[in-house]
Amino acid sequence: RVNLQNALKSGAKHLDGGKWDTVTWTTLQGNIAVSAVGVQNGNAVRTLTTFKGRQGFNSVYSGPAGSAASADAERFFKSITLK
């Protein structure tokens, strides 16, 4: 969880206002994960980050303002499979 918090902190530096708008802790295929939504240069940014063992996985969606929870973004994040 500490590594995920550090990843969030690092990513927030690039966002408008320097912070994530929402942060949601969850699990992905049995691994603790964090999903965060923010704005960068007026565009929506959504990230999902997790670790499986010592491997880190980060997936990012970027699109027009307000699209972080769009059907396309949801489909993208639900399609993630860790191997």
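Here is a short walk through this predicted model, from its overall fold to a few aromatic side chains. Because the model is predicted, local features need pLDDT of at least 70 and side-chain atom pairs count only at pLDDT 80 or more, while totals for chains, interfaces and linings use all residues. Residues are numbered from 1 along each chain as its sequence is written, and side-chain values use heavy atoms, leaving out hydrogens and water.

Let's start with the fold. The protein has two helices and four strands, where helices (H or I, at least four residues) and strands (E, at least two) are DSSP runs, numbered from the N terminus. Along the sequence they follow the pattern α-β-β-β-β-α.

Next comes overall shape. For 83 residues, a compact globule would have a radius of gyration near 12 Å, and the protein agrees with its 12 Å; this radius is taken over C-alpha atoms, and the globule rule is 2.2 Å times the number of residues to the power 0.38. Of the 83 residues, 34% count as buried, meaning under 20% relative accessible area, with exposed over 50% and partly exposed in between (1.4 Å probe, protein chains only).

Now for the rings. There is one aromatic pair: the centres of Phe-76 and Phe-77 lie 4.9 Å apart with planes at 70°, so the pair is edge-to-face. Rings of Phe, Tyr and Trp (its six-membered ring) pair if their centres lie within 6.5 Å; planes under 30 degrees apart count as stacked, over 60 as edge-to-face and the rest as tilted. Phe-76 is partly exposed at 34% relative accessible area, whereas Phe-77 is buried at 7%.
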